[in-house]
Amino acid sequence: MYQEFGLYIDGKWREASDGTMMDIIDPATEEVLGSVPAAKKTDLQDALKAAKKAEPTWRATSALKRSQILRKAAEHLSDRLEASARIMSYESGKPLEQSRGEFSAAIGYFEWYAEEARRIYGQIIEGPSPRTRMSVHYQPVGIVAAFTAWNFPAVLPIRKIAAAIAAGCPIILKPASECPGSAMVLVQCLHEAGCPPGVINLVTGPSQLISKTLIEAPDVRKISFTGSTDVGKRLLEMAASTVKKVSLELGGHAPVIVCEDADPIIAAETAAAVKFRNAGQVCISPSRFYVHESLQESFSKSFAKSAKALKIGNGLVDGIEIGPLANMRGLSHAQALVDDATSKGADLLAGGSRPAGFNAGYYFEPTVLNNVSENAMIMNEEPFVPVAPISAFGNLEKAIERANDTHFGLAAYVFTKSLSTANMVSEALEAGMVGVNDMLLATPEAPFGGVKESGMGREGGSLGIYDYLEPKYIKTTF
Ligand code: NAD
């Protein structure tokens, strides 16, 4: 499955210098799906050299040309959408329909950044005297090292690759070890679109060796990471020694407040559809439900009904709505969270274990827990599994306090029919993104990112490209 790819360095696919390979496991069967090169230090140095060689030419390449390459890459991806979606479903277990949707979103990011490349606006400022002018120009930050997680194996890399290329920066990407093929497809599209050698590089292999080598390299001026808060903190510490610019998209634990005036059935159906998407392995997945006590019964019943109706199975089979988790770690975590919550008094309304008849593959039933105690692990740790904990509230201010009582601050949601409640709650929630009666937040036009320990920087929207640019102030006296 990965034969046509490998490490992509200086415009060519190749093996690791000593030929070592790393197996990729199919999460639906637990069998080996294929293998990819395990880069050695010398391969990483080659990638750094290639990026360094490409940098002066790429930063001097016109915005129009950069834009055209991104647009062409979008066309190539569009031509191979179905085959790419199959690769993604194989390696991630994601239902095919969701893989198609993710690659369509990746096309959207290619197109968005093709447009953004031509919208890098500086400023002209009146000087302190009639004979001075001050201006601010935005210049590419330099070589970027990027690291991504496996849950969105195309969208997470594309948000970094397309932004860096649009801004005039060479980039070295280390995709998630579990799902490298989807990112390889994106790189191949850029290759076919005529992206010059060294501008985009992709390396697979041992995470720690790769991050250490790339982050310690003084020529790398920016790192961009999507993954867990723990690993993000480690990379941030490493970046400090050479004071690199850093973007971090980290974990979340999104609260959902269902207010007294909301429609509990609409809220439950909307929430269930989003909660179980990608088997709950979504950083902005709604993961703590605070429901007004008058709606708790109807909301939880409807949520459980939606959960029980979902079709579980191998993502490659048409009609499957929930596939396996990405790895065994997720499966054990899901079971531990459910067992802990029920031992602390939660009622199990749906799911709760590995589904019957699935002896291989990392499957877990879509699960709904009601009356979950605030000290249950699931209310305090990022779950990243298809388990939805529901808890009732009587006082809205207290619900907001509970929602904010976490070191995470990625996404948050509120359901209400009142405009003033919507404004009050959305402004009070400590999160980088808030959905009001809406839970589909990720789109190229909007800035995606978190506050507190959920990260720094934004991807997408008109802010996204500025994470890859540095302002330069020039003062002229004439
Ligand atoms: P992870 O942090 O364990 O791994 C993420 C990536 O980093 C993987 O490619 C992994 O191989 C690599 N990695 C692991 N250790 C590393 C190290 N020491 N140096 C360099 N790279 C290293 O996270 P995960 O379990 O793969 O992904 C799930 C996490 O990602 C969740 O916490 C989730 O919330 C977060 N996430 C955040 C966003 C966002 O946009 N905020 C999006 C998706 C996922």
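Analyst: Happy to. Let's begin with burial: a residue is buried under 20% relative accessible area, exposed over 50%, and partly exposed in between, using a 1.4 Å probe and protein chains only. This is a predicted model, in which local features need pLDDT of at least 70 and side-chain atom pairs count only at pLDDT 80 or more, while totals for chains, interfaces and linings use all residues. Residues are numbered from 1 along each chain as its sequence is written, and side-chain values use heavy atoms, with hydrogens and water left out.

User: Is N278 buried or exposed?

Analyst: N278 is buried, with a relative accessible area of 6%. It also has a positive phi of about 55 degrees although it is not a glycine. As for elements, helices (H or I, at least four residues) and strands (E, at least two) are DSSP runs, numbered from the N terminus. On that scheme N278 is found in the loop between α9 (264-275) and β13 (286-292).

User: Now contacts. What does Y468 touch?

Analyst: Contact means heavy atoms within 4.5 Å. Leaving out residues up to four places away in sequence, the partners of Y468 include Q139, P140, V141, V144, K160, C169, K222 and E459. Y468 lies in the loop between β19 (455-456) and β20 (469-477), and at 2% relative accessibility it counts as buried. The C-alpha atoms of Y468 and E249 are separated by 15 Å, and these two residues are 219 residues apart along the chain.

User: Where is S84 found, and what does it touch?

Analyst: S84 is found in helix α3 (residues 81-92). It is buried, with a relative accessible area of 1%. Not counting residues up to four places away in sequence, S84 touches L77, F103 and V185.

User: Which residues are buried along helix α7?

Analyst: In α7 (residues 207-216), they are I210, S211, T213, L214 and I215.

User: How do I read a helix pair, and at what angle do α2 and α4 pack?

Analyst: Axes are lines fitted to C-alpha atoms, for helices over the stretch in contact, and angles run from 0 to 180 degrees between N-to-C directions. Angles under 35 degrees count as roughly parallel, over 145 as roughly antiparallel, 65 to 115 as roughly perpendicular and the rest as oblique. Helix α2 (residues 63-79) and helix α4 (residues 96-116) pack at about 165 degrees, with their axes 8 Å apart, and are therefore roughly antiparallel to each other. For handedness, a crossing is left-handed if the near helix is turned anticlockwise from the far one by less than a right angle, and right-handed if clockwise. The crossing of α2 and α4 is left-handed. Residues that meet include L70, A74 and L77 in α2, and F103, I107 and F110 in α4.

User: How many nonpolar, polar and charged residues does that contact have?

Analyst: Ala, Val, Leu, Ile, Met, Phe, Trp, Tyr, Cys and Pro count as nonpolar, Asp, Glu, Lys and Arg as charged, and the others, Gly among them, as polar. The contact of α2 with α4 has 10 nonpolar, two polar and three charged residues.

User: At what angle do α4 and α5 cross?

Analyst: The axes of α4 and helix α5 (residues 155-167) come within 9 Å and cross at roughly 15 degrees, so the two helices are roughly parallel to each other. Their crossing is right-handed. Among the residues making the contact are A106, Y109 and Y113 of α4 and I158, A162 and A166 of α5. By class, the contact of α4 with α5 has 10 nonpolar, no polar and two charged residues.

User: Finally, how many disulfides are there?

Analyst: Counting a disulfide as a pair of cysteine sulfur atoms within 2.5 Å, the count comes to zero. For C195, the nearest cysteine sulfur, that of C189, is 12 Å away. C195 is buried, with a relative accessible area of 6%.
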